[in-house]
Amino acid sequence: MSQATAPLRIAPLTPGDVTRYRALMLHAYAAAPDAFTSTPEERAAAPDGWWAARIASPDGLSQAFGAQVGGELVGTATIEFSAKPKTRHKALLIGMFVAEPARRLGAGRALVQAALQAASARPGVQVVTLTVTEGNQPAIRLYEAAGFEAFGVEPMAIATPGGLLGKVHMWLKLPPCTPAA
Ligand SMILES: CC(C)(COP(=O)(O)OP(=O)(O)OC[C@H]1O[C@@H](n2cnc3c(N)ncnc32)[C@H](O)[C@@H]1OP(=O)(O)O)[C@@H](O)C(=O)NCCC(=O)NCCS
């Protein structure tokens with residue numbers, strides 16, 4: 001079945017997904033160097049424990065989601081939470097990537113929604129933030145469509161193959177939780 005016709009499945013990743021998550025993200029750092037602050041070389045040196053904690057940290061502060069098509073991991077996004085009393089109302093969306101053949105099929109949108117649902121479900125979380133490299137219009141449009149708003153640009157924030165680029169900071173205020181009837 002082609003990726004255009006196979007159903008898209010979004011689910012939280014588990015430590016058992018370390019090998020394929022690592023492979024997808026090492027590809028992401030190489031294929032989209034402007035989008036990420038890590039290099040493939042840096043991350044290739046990280047032990048499996050680092051990747052497992054990114055996917056699903058035992059303290060519950062990090063949870064990655066996977067987009068699968070026909071059983072293949074084609075996309076991912078991670079939501080990170082804070083344990084600090086003064087910042088635990090905020091969550092951070094990171095590590096967003098959809099493999100090239102699976103783009104424009106809704107995986108990115110579905111991953112953002114899964115991350116936002118996880119943030120909404122966590123008691124006390126009211127805000128989700130992220131950063132995106134200036135000029136990355138596919139990602140900026142994706143985030144704007146999900147309700148994120150830009151509130152500033154950090155100049156010269158990331159060294160890319162084309163030079164220093166700014167990082168757009170975006171935020172989304174989550175709707176207040178309505179208690180189940
Ligand atoms: C950004 C990215 C995750 C989008 O993933 P995707 O699965 O193709 O996105 P979707 O198919 O869910 O698209 C959702 C919306 O995002 C926007 N969008 C996505 N790709 C776009 C593009 N190439 N041009 C313009 N808008 C785009 C559109 O608003 C789209 O809605 P529409 O299809 O109804 O017009 C993907 O392009 C990617 O992995 N890019 C490289 C890594 C990266 O930039 N990560 C973000 C780091 S902050």
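Which element gives the largest share of the shell around the ligand? Helix α5 does, with six residues. The legends below take that shell and other parts of the structure in turn. The model is a predicted one, in which local features need pLDDT of at least 70, side-chain atom pairs count only at pLDDT 80 or more, and totals for chains, interfaces and linings use all residues. Residue numbers start from 1 along each chain as its sequence is written.

**View 1. The whole protein chain.** Five helices and seven strands make up the list of elements in the protein chain. Here helices (H or I, at least four residues) and strands (E, at least two) are DSSP runs, numbered from the N terminus. The C-alpha trace spans about 40 × 40 × 35 Å along its principal axes. The radius of gyration of the protein chain is 16 Å, which agrees with the value near 16 Å for a compact globule of 181 residues. This radius is taken over C-alpha atoms, and the globule rule is 2.2 Å times the number of residues to the power 0.38.

**View 2. The shell around the ligand.** The ligand is surrounded by 20 residues, and the closest are Arg103, Gly108, Arg109, Pro138 and Leu142. Three elements, β4 (90-98), α4 (107-121) and α5 (137-145), each supply at least two residues of the shell. By class, the shell holds twelve nonpolar, four polar and four charged residues. Ala, Val, Leu, Ile, Met, Phe, Trp, Tyr, Cys and Pro count as nonpolar, Asp, Glu, Lys and Arg as charged, and the others, Gly among them, as polar.

**View 3. The buried side of helix α3.** In α3 (residues 48-55), the buried residues are Trp51, Ala52, Arg54 and Ile55. They cover an arc of only 160 degrees around the axis, so they sit on the same side of α3. The arc is that of the directions from the helix axis to the C-beta atoms. A residue is buried if 20 or more other C-beta atoms lie within 10 Å of its own, exposed if 12 or fewer, and partly exposed in between, with C-beta atoms placed from the backbone. The buried residues of α3 pack against α1 (18-31), β2 (62-69) and β3 (72-81).

**View 4. The largest nonpolar core.** This core has 40 residues, of which Tyr21, Phe65, Ala77, Leu93, Leu111 and Ala115 touch the most other members. Its largest share, seven residues, comes from α4. Such a core is a set of buried Ala, Val, Leu, Ile, Met, Phe, Trp, Tyr and Cys residues joined through C-beta atoms within 7 Å. Not counting residues up to four places away in sequence, Ala115 touches Phe65, Ala77, Ile79 and Leu93. Two residues are in contact if their C-beta atoms, placed from the backbone, lie within 7 Å.

**View 5. Thr160 and Leu174.** Thr160 is found in strand β6 (residues 149-160), and Leu174 is found in the segment after β7 (163-173). Thr160 counts as partly exposed because it has 15 C-beta neighbours inside 10 Å. Leu174 also counts as partly exposed, with 17 C-beta neighbours inside 10 Å. Leaving aside neighbours within four places in sequence, Leu174 is in contact with Ala119, Ser120, Val125, Gln126, Val127 and Val128.

Terms used: A residue is near a molecule or strand if its C-beta atom, placed from the backbone, lies within 6 Å of it.
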